Structures are given as C-alpha cells and as structure tokens.
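Let's take a friendly walk through a protein model, one feature at a time. Keep the picture in view as you read.

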Amino acid sequence: MHSLNRKLFRDLLTLRGQVIAIVLIVACGIASLVTMMSTYNSLVLSRDSYYSEYRFADVFVQLNRAPNGLVDQVREIAGVGQVRSRVVETVTLDVPGLADPATGRLVSVPETPQPMLNDLFLQSGRYLQPGRLDEVIASDAFVTANQLALGDSISAVINGRWQSLRIVGTALSPEYVYEISGTDLLPDNRRFGVLWMGHNALATAFDLDGAFNDLALTLTPGARQVEVIARLDQLLERYGGLGAYGRDHQISNRFLSDDLVQLQATALILPVIFLGIAAFLLNMVLARLVSTQRDQVAVLKAFGYSNLEVGLHFFQLVMVVVGLGAIVGIGLGQWLGSSFTQFYTQFYQFPAVQYEAGLGLLLGAVGVSAAAALVGALKSVAAVVALPPAEAMRPEPPVNFGPTLAERLGLQRFFSPAGRIILRNLERRPWQAGLAIFGIALAVAILVVGRYLSNGIDEIMTVQFETVQREDITLTFNQPLPGRVRYDLGQLPGVQRVEPFRMVPVRLRFGHRSHLGSLTGLQDPSTLRQLIDADYQSVPLPADGLLLNSKLAEMLHLAVGDRLTVEVLEGARPTRQVPVVALVDELVGIASYMHVDALNRLMQEGSTFSGAYLQVDRAQIQPLYQQLKQTPAVAGVAQRETALAQFEDTIAATSGAMNLVVMLFACIIAVGVIYNAARIALSERSRELATLRIIGFSQREVAVILLGEQAVLTLAAVPVGWGLGFTLSWLLNQSPAQNTELFRVPFVVSPGSYLFAFGVTAVAALASGLLIARQLRQLNLIEVLKTRE
C-alpha cells in the first residue's frame, strides 16, 4: 500500500466520528435529491406514457346540446386532429352501505370497444354488452372505496327517474387521474365516481338522441391552441358552449401538474442547503486536520513529495467522504423514491407506475455533492500546498492574549475562573467562533424550514374550513331554480339555516388577458360562506360590482377600480362591463363574487339560485340524507367535514410525508454539525485542557470549560438559526410552487416551530456533549503534552 494511502487510512480512523457525521450529512443531501427528483421523474414518466398510450385529449368543451352533424364542422377547423363527441351528465347516486348521497359522473362510450380519445384502461371485469341499458363500467377508485364488487348494483336519479345500474367492470381513464368532480377541490372516492355507460342508453335517458353535450379533441403538430379554441368557441356559442379550455386547465391534469411543480421546486432547493452544510463542515474538518498535521506535511515535502501529491492526498480524504456518502445516499434515495412514487398512487390513478432513477440523475447527484465538497475543501488544501517545509516544521505561533471585553468593563468578578477561560477562548478566536455559530445556525434553520411547510398546510385547513366555509352541507341543483326553493329547503329534516347562491359560468376579460371560470352570487349578509381579506377579516358584500380573488386579479393584471368584461356563458349570455370593488384572499381556488341580486340582474332573470349552503342539526343528518337522495333536483351534496377529512388525507398527507423525511434529515444534520464543532474544539484544545488538568483543575471543571464553550456557541447560534430559517422559509414561500391557482400556501412560521428547532438542537447538543465528555475522560495527558519541537 502506498505510504500516502496508509496515512489516509489512519486519518480516517482517527477522525471516524467526524467522518461518519459528515458522511451522513452528504448522504442526506444526495438522498433528498435522489428521492425527490426520482419521484418527480417517475410520476412525469408514468403520466406522459399514460396520456400518450390512452390518447388524452388536448382541448375540452362542454355545451348544452348540439347535433352530431356538428362534429364534422369541428374537424374542419385548422389544427384539429381527432374529435370525440359524447354525453356527460352528473347524477345523484344511492350507494349500498353509504348513508350520504353520492355523486356520479355518467360518461358515454361506444357500444363496442374501440380506440378513442380519453380511452379506458379496463382494470377488471368486462366491457359493456350492446343492448344492456343498465350496465356501467365504474372507476376503480370509487368501487374500491365503497367496497363494491362486479355485479353489484347502485341506484341513480337519471333525468328525474330512479334507475338501477349494474357494475360489470372497473376502469381508469387519463381524464380522471385525479378523480374529482368539477365543484370539489379534493377527491372523495366514496362520494364521487365516474360511470361509463353505453352512448345510446345515456343519450336516450337524457333526451339527447342524435346529439352531444361534451367534446374532446386533439391538436395537430404545430397547431396553435389559442386559435383553435377561439374558432371552437365561435362555432359552439349558439349551442350553449361553456368555453373551450386546454389540457393545462383540465382539472385532473392541473392538480397533478401543480403537485409535480411543487415537488420539483422542493427537490431543487433543500438538497442544495444540505450539501452546502456538508461543504462547510468539510472545510472546518480539513482546516483542523492541516493545523494538527503541519509537521507531517513538512516531512512529506522534505522526503520529496510534490505539492500536487500532498494536495491530492487531502483531496482524497474529501472524495472518500463523498464516496461513502454517495453509497448511503443513493441507496436510501432510491428506496425512499420508490416508496414515495407508490405513495402518490393512492391519490393519482395510473394503470402502471414506472419508477425510474436514471444513471444521469445518480451521477448528477454524486457530481454536485463532490463539487460542493471540493469547493469546501479548496481553501484548506491551498493552505497545505502553500506551506513551505521549513515553516511547517515549526509549531504554530501562540495566540496573543489580552484582557477580554468583560475584563475591560470590570465584569470579571461575576465570572468563575472557568467562565473567564471560556470568554477568553471565544474572544481570541472570533472567526472560528463565528463559523461554528453559523454552522449550527444552518442546522437550526433547516428545522425551522421543515416545520414551516407543515405550518402552511395547517393554516390552509384552519382558514378554509373554519373561517371561510362555515356551512355543514353544500347543495348544487341540476338546473337553476326559482327563489322559492329556499323555503322548500328550510322544510327539510334538520335544516336550521339556508343561504342560497347563484353560480354561472363566465369568461372574464381584462385587456388581452382572460380567465374561464364561474361567478358566484351570495346573499348579504352571508354567514355560512365568508369572504376574507389578507388579514382573515370579513369583507362586506357590496350591492353592485365584483369581488375578485387576489390571485385571479394578479393573473389578469388588474386592481380595485378597474372595469372587467364579464361574458356570461349561460342563458341569454349577456356581456357586461363590471367594476372590481374589492379583493378577497381565499387560500384555495380562484373565484369571483357578486351580490346575488346584482348577478340576477346581470343575468336578466328574477330571483334564481343554483344551490344552497345549509346549516343542519347533526342529530337529523340521516333523515336529511335520505330525503336528498329522493330529490331529483339535487345534483350534488358536499359536506364540510368530509372535505376537511379529504384535505388531510390528500394534500396534508402528501406534503406531510415529504416533510417528515426533510425533518429527519434536518435532525441528522443538526447532530452532525454540533458534534463536529465540539470534536474540532476538543482536537484543537486538547493540549490546553491537559495542561489545566496537570495544574489542578478537576476533570469536571475541564469538561465545563470545553462543553460550556460549546453551549455558549449553541445558544448564540439558535436565534441566528431562527432568523435564517425565517428568511429561507420566506424565500421558499415566494416560489411559484407555493402560489398556484389551486392553493396558496400562506407564510406562517409558528412559535412552535422555533421551539421545536430549539428542542432538537438542545438534544443534539446534549448528545454531542456526552460523547465529547466520554472522549475527554479518555484523554492521554502525557501523549497530548508532548511538543513538536
């Protein structure tokens, strides 16, 4: 074995505690990068493969009714590829074993299996048989959530009539990877399901023979989506077209895409911080190693080793650490990545998930880690190369001592001898103390950032489901109903308060920008659905004018006082200029609001409602559900408690699982940073500590001096870490991934986050202190006191 390699092996054994700590930190950085990026890449690969193989459409549009012959005119539009017309209706379902009314999305499919847009992946059972009007293929998630089996029947209110539907198969569709109704924000597979039904049977049931009310199409290569949508809207306007939209606004794909953007952003930010800390620690360890091996460096150079060989020797130490960290990090990252990819399939319905941690990703992770480590080691290695042999043979010049600041102020009488020694050591090495404080502060900051991510999700749940949504149940009607419906709803079992609302599809235009969405008319006062500002205070509903979600205002580049063009896509389809009178700051979704009377006037209609918010007596909830199941006018029933539970099961669960890994890595980093700082202090000060033991200081007093110094550094680092954590959390909050159309994560760092970071840091410091105290007891006084002269 080469002599330098033997020295390297001995150095690794001597520094094994510090090396293990740094290896774990490097492993955390690599594992976090591999975990998040491989999960991201695998989900993107699975999505793109699924969309391509099962022909996911590029453009979608819903309308009232159009003859089948219109499909040929749609195909003639420049840029249009394949076209699929169909019948899509929403119905109330009575599911065995489920007390609540469920909602079904009936989608027509050809009577015999054939390739089509938004094709079906048959998960189990068989396809529909021609002539069997009661057969349906159900979405797999709906069947699984309700513990249904092939051959089971469910009841549905189809066009005002009860009909029994028999499940003959289960399927997936790229249109419902994230299976959600258009009115809900989160999937509820027990209470919402997609049912594919023969086209003739469904069209006949809803009096749409020879017609369709939903269209999906693809674009030819090079086609401009904006132009195709404009032509399509113009063609379908007379048939009640509700506005065409691209794949990027299709709700299932939008949820999936936003989740992937957030995952990618996290994968790019956090590993950089982890690897930066690893580079910082390597610089500290190498600097200490060079300081203690000055004589060895001199001997190596005196015996003919070149500066290059000596420099590469110390770089080898860095690469061994990175190599060990890479082995651990890649293995852990692949295991976590595979687990997270499978975890996401609980919420996203793919026929197959292809986990992929490509060679490029693995080499890139190792390369980034090695580059960070080499940059961290560069200064120390440069010092080795520049050290002349004759200079290296001499011991380092002693540090100049003088009165400390406390002594100059006459405060020394308040400190014990050990306390004065601690202050002198800190003051005579301000740069080393500052670097140690900064390293520990980074670990504290990571802990604060990890908790911030959880704080934001908790804040969304609190604001949305306690401040904004105060209703127990939200009803939506099959079609707008006259104002007297509020009194009919008040007679239902257990209903204590009714607040009806009007919701119409609209296109909002401001300058060259537009948004396709809905406009909701609320009563004033509205107690069951609150509109809030940035301070979560209630915003009064004006008699006229629009209230716009602040995110929507940002997208349209408008401000309070601007006039917005409102194109209604229902009824008489009026177009009006309406002023924006206030902004609201809901954290979920983007919406626009008006007083319900003003919206009725805009629609040129009398008192008309699309649904209602209900406050109910929980003791009467079961009779109410039974009544709602028997009410043909009700298209959907949503419960606030169920929505909250679904939020916790989806958004909070996916974010919480990733946050848990981040917090675990942050705890490892905190222990590694503090232990390294204490171990370096012991190595640098061992001669001084041994001298104190010889002149009469007890082992306990010596331990107090060393560990007291580390305690002071740790306590000083905690508030600095809090500030860094606050800043990093704010920067993360400003990223686009935290501010999407679907969710805006508020910037909230709770006091509990700071206490948690302090607690973990204190435990890490205590554990490191116990290890250092053990090594201090084993200190060989004679060996340490030998000089190098």
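This is a predicted model: local features need pLDDT of at least 70, side-chain atom pairs count only at pLDDT 80 or more; totals for chains, interfaces and linings use all residues.

Arginine 47 makes a salt bridge with aspartate 48, and their closest N and O atoms are 3.1 Å apart. Aspartate 48 has 38% relative accessibility and therefore counts as partly exposed.

A second pair to look for is arginine 75 and aspartate 72, a salt bridge whose closest N and O atoms are 3.2 Å apart. Both residues belong to helix α3 (residues 70-75); they are three residues apart, which means about one helical turn separates them. Arginine 75 is partly exposed, with a relative accessible area of 43%, and aspartate 72 is partly exposed at 46% relative accessibility.

## A salt bridge across the chain

How many salt bridges does a search of the whole structure find? The search finds 24. In one of these salt bridges, the side chains of glutamate 175 and arginine 86 meet at 2.6 Å, N to O. This pair ties together distant parts of the chain: glutamate 175 lies in the loop between β8 and β9, while arginine 86 is in strand β2, 89 residues apart. Are the two residues buried or exposed? Glutamate 175 and arginine 86 are both buried.

Salt bridges can also join up into a network, as they do here for Arg126, Arg132, Glu135 and Arg166.

## Strand β6 and its two partners

Now find strand β6, residues 135-139. Five of its five residues are buried, so the strand is mostly covered. Strands of a sheet pair through backbone hydrogen bonds, either parallel or antiparallel. With strand β8 (residues 161-172), β6 runs parallel, joined by five bridges. With strand β9 (residues 192-198), β6 runs antiparallel, joined by three bridges.

## A hairpin and its neighbour

Strands β7 and β8 run antiparallel, with six bridges between them. Here isoleucine 154 stands opposite leucine 165 in β8. The two strands form a hairpin with two residues between them, and asparagine 159 in the turn has a positive phi of about 55°.

Strand β7 (residues 153-158) also runs antiparallel to strand β3 (residues 88-94), and two bridges join them. In this pairing, leucine 93 is found opposite alanine 156 in β7.

## An open sheet of four strands

Another sheet is open and has four strands in the order β2-β10-β1-β11, with antiparallel pairing. Which strands stand at the edges? They are β2 (80-86) and β11 (245-246), each with a single partner strand, so one side of each has no neighbour in the sheet.

Strand β1 (residues 59-67) pairs with strand β10 (residues 211-219) in the antiparallel sense over six bridges. Glutamine 62 sits opposite aspartate 214 in β10.

## A buried residue in a loop

Finally, look at the loop between α9 (307-344) and α10 (359-386), where you will find glutamine 349. At 13% relative accessibility, glutamine 349 counts as buried. Which residues is glutamine 349 in contact with, leaving aside neighbours within four places in sequence? They are Tyr50, Ala141, Leu172, Tyr176 and Val177. Glutamine 349 and glutamate 179 are 170 residues apart in sequence, and their C-alpha atoms are 7.7 Å apart in space.

Notes: Residues are numbered from 1 along each chain as its sequence is written. Side-chain values use heavy atoms; hydrogens and water are left out. Buried means under 20% relative accessible area, exposed over 50%, partly exposed in between (1.4 Å probe, protein chains only). Two strands pair if DSSP finds at least two bridges between them. Contact means heavy atoms within 4.5 Å. A salt bridge is a side-chain nitrogen of Lys or Arg within 4 Å of a carboxyl oxygen of Asp or Glu.
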